[in-house]
Amino acid sequence: MFPKKTDYDLVIVGGGLSGLAAAVAAGEKHLTTLVLEKGRTLGGDGNYVEGAMGVDSAMQKEAGITIDKTQLLQDELNYSHYEASAPHLKKLIDASGATIDWLQSLGVSFTKVGPQGKSWPTIHTFEGGGHAAIEKLKAKADEFGIEFVTSVSAQRLMQSNGHISGLVIKNEATGQYRELTAPNVLLATGGYVDNPELVKKRTPFVGRLLTVSDGKSTGDGMQLAWAAGAQHYSMGAIQYGGGAIYDRQTPPFVHMMSQLGAAATQEAILWVNERGERFVNEDVNDNMCHAGSAILTQSRVFSIFDQTAVDHLAKVGLYKIVGNSPVSPDTLDKLPEEIEADLGKHAPYLTKADSIDELASKLGLAKLPATLARYNALVGTGADTDFGKNRDYLTAVADGPFYAVELGVGMACALGGIRVNDNNEVLNDYGYAVPRLFAAGNDAAGMLVGDTYAVTLPGSTAGYAAFSGRNAVANM
């Protein structure tokens, strides 16, 4: 269905978390606003986020959490090798606590605040997950009379005397086109993780990457902005979700809650490459993006564990908490039945053998027996002198049967492609604003990172989505 009118104060392209935050902010400013969503449902990847980053929020103050903002800024700039924009990152950090408080004032609920793995204690976990936050923002936008249309996409930005004047839209159900006039357009299309050609420009390893997203983040905002004169800016970073079950027959989201996946990727037992050689300290998974990068240095990767590990994880407890989530289970109680179910359907990513020699033979991992002997010897000494794995997670692999899970790398989002200033205005090649064109969320978040997503600052994607949508509207 096309919009009710053809003239608006603001058109927001994308109905995800940043678009909805902007819509509420626009309602607070009494702007006549339209939100275009090319899919049939709202929320985008915001439906799946765990929480939002904030510093000096009311929740943190109540919990007695204090963070040195200057040190945080320096640490994140160092992490990005100073490819992040210091002024933009500083503005986000300075406003992030107030952004969390603003979300709470709108009815968004959080269960707790703290770290995620080895990180700053900045993630405010959404009660009910990201979808619950999306529903609260949509309800508030409805109260303000914000108009939403779904299955309608933006095709081209229109300009008059160098200023944005509107855009051409397409009804995805009928193929019909219309023109809208608007003095302000905000691009909030979620980045480019679902566009294989754009991902290929960022990394050559697309064949082993598994996209865990809503499927709609195809780089629309970047391409609309570029066509209107925006700078082709750094593609930023892909947010790797660490290791993931490598399954080309099933959509990746099916394995997102898999306990087998948690055992293979999170429990820091033993990872080997296509030759059966160990190549990294497995507790690298404390930083999921570092883990993803490490896995991609090899042609193939297998997670190896034994029956003792299965029994321990299922009945006793985890070897280490699940660092990629603000919530970690006590046990993987469904792990044995998941293994039996996958073996029963001959899942190609899971291999079982009674001996290590048999496992090596089945998978062609010639050096696996020698690798395992070396690894178990290191476990015996309590010191990983090869790669420096934390001694607390040195877990033997000695009691058959043995299991191997092949790993790929999950991708949750991809950041960047558009350069913005501190007002979230889109900039051209000369560093000047394309008048009345704004970008928020993952379309603009390349300003915050270098080549690796900052999981050291957990919740930063969702936190930036809310901040940048609101910040853009404040500066219109």
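Which residue in the turn of the β7 and β8 hairpin has a positive phi? I looked there to begin with and found Asn161, with a phi of about 55°, in a hairpin that leaves two residues between β7 and β8.

**Ground rules.** I am working from a predicted model, in which local features need pLDDT of at least 70 and side-chain atom pairs count only at pLDDT 80 or more, while totals for chains, interfaces and linings use all residues. Residues are numbered from 1 along each chain as its sequence is written, and side-chain values use heavy atoms, with hydrogens and water left out.

Strands here are DSSP runs (E, at least two residues), and helices are runs of H or I of at least four residues, both numbered from the N terminus.

**Backbone exceptions.** Most residues other than glycine have a negative phi, and most peptide bonds are trans. I then looked up Asp56, which has a positive phi of about 70° although it is not a glycine, and which lies in the loop between β3 (51-53) and α2 (58-63). Asp56 is partly exposed at 32% relative accessible area, where buried means under 20%, exposed over 50% and partly exposed in between, with a 1.4 Å probe and protein chains only. His346, in the loop between α11 (335-344) and β15 (350-353), has a positive phi of about 55° and is exposed at 71%. I also recorded a cis peptide bond between Gly400 and Pro401, with omega about 0°; Pro401 lies in the loop between α13 (368-381) and β16 (402-414).

**Salt bridges.** My search of the whole structure gave 21 salt bridges, each a side-chain nitrogen of Lys or Arg within 4 Å of a carboxyl oxygen of Asp or Glu. In helix α5 (residues 129-143), Lys140 and Glu143 are three residues apart, about one turn of the helix, and their side chains meet at 3.4 Å, N to O. Lys140 is partly exposed at 23%, whereas Glu143 is exposed at 61%. Arg275 bridges to Glu277 with the closest N and O atoms 2.7 Å apart, and I found both within a network that links Glu274, Arg275, Glu277 and Lys367.

How many cavities of 30 Å³ or more does a search of the whole structure find? I found one. On a 1 Å grid over the protein atoms alone, a cavity is a set of points where a 1.4 Å probe fits but cannot get out, a pocket is an open set with protein on both sides within 12 Å along at least five of seven lines, and lining residues have an atom within 4 Å of a point. Grid points are joined across faces, edges and corners, and a volume is the space filled by probe spheres set on the points.

The largest cavity holds about 90 Å³; of its 13 lining residues, Leu448, Val449, Tyr453, Ser460 and Thr461 are the closest to its centre. Helix α14 (residues 460-474) gives the largest share of that lining, three residues.

The second largest pocket holds about 180 Å³, and I listed its lining residues, among them Arg202, Phe205, Tyr240, Cys289 and Asp451. At least two lining residues come from each of β12 (238-245) and α9 (288-295).

Methods. Pairing = 2+ DSSP bridges.
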